[in-house]
Amino acid sequence: MSHTPHRLSKDFPELADRISELKESDPHFARLLDDYNALNDKVHLVETDVEPMDDLAQADLRKQRMALKDELYALLTAQA
């Protein structure tokens, strides 16, 4: 398992311009992206044992991150 943070622009490089655009123009998207980045940083700290956590709690954090990522992706790919 990789212990590298999952930055949205790295996961979806083809959408990097759209991410920047929505971050500036859509407050809802910007808030979700901030939430995703904060949760992503938390998962990274847990995965690297900087902030150890039991397996069930780790799995819950990953599920939350994936749900946010799915929501962000839906906004990124929605037709304006």
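Does Asp49 count as buried or exposed, and at what relative accessibility? At 55% relative accessibility, Asp49 counts as exposed (over 50% relative accessible area; buried is under 20%, partly exposed in between, with a 1.4 Å probe and protein chains only).

The model is predicted, with local features needing pLDDT of at least 70 and side-chain atom pairs pLDDT 80 or more, while totals for chains, interfaces and linings use all residues. Residues are numbered from 1 along each chain as its sequence is written, and side-chain values use heavy atoms, without hydrogens and water.

**View 1. The whole chain.** The chain holds four helices and zero strands (DSSP runs of H or I with at least four residues, and of E with at least two, numbered from the N terminus). Its C-alpha atoms fill a box of roughly 40 × 20 × 15 Å along the principal axes. Of the 80 residues, 29% are buried.

**View 2. The crossing of H2 and H3.** The axes of H2 (residues 16–25) and H3 (residues 27–47) come within 6 Å and cross at roughly 115°; axes are lines fitted to C-alpha atoms over the stretch in contact, with angles from 0 to 180 degrees between N-to-C directions. The two helices are therefore roughly perpendicular (65 to 115 degrees).

**View 3. Residues between H2 and H3.** Ile19, Leu22, Lys23 and Ser25 of H2 meet Pro27, Phe29, Ala30 and Leu33 of H3 (heavy atoms within 4.5 Å). Six residues of this contact are nonpolar, one is polar and one is charged.

**View 4. The loop at Asp49.** Asp49 lies in the loop between H3 and H4 (55–77). Although not a glycine, Asp49 has a positive phi of about 65°.

Conventions. Angles under 35 degrees count as roughly parallel, over 145 as roughly antiparallel, 65 to 115 as roughly perpendicular and the rest as oblique. Ala, Val, Leu, Ile, Met, Phe, Trp, Tyr, Cys and Pro count as nonpolar, Asp, Glu, Lys and Arg as charged, and the others, Gly among them, as polar.
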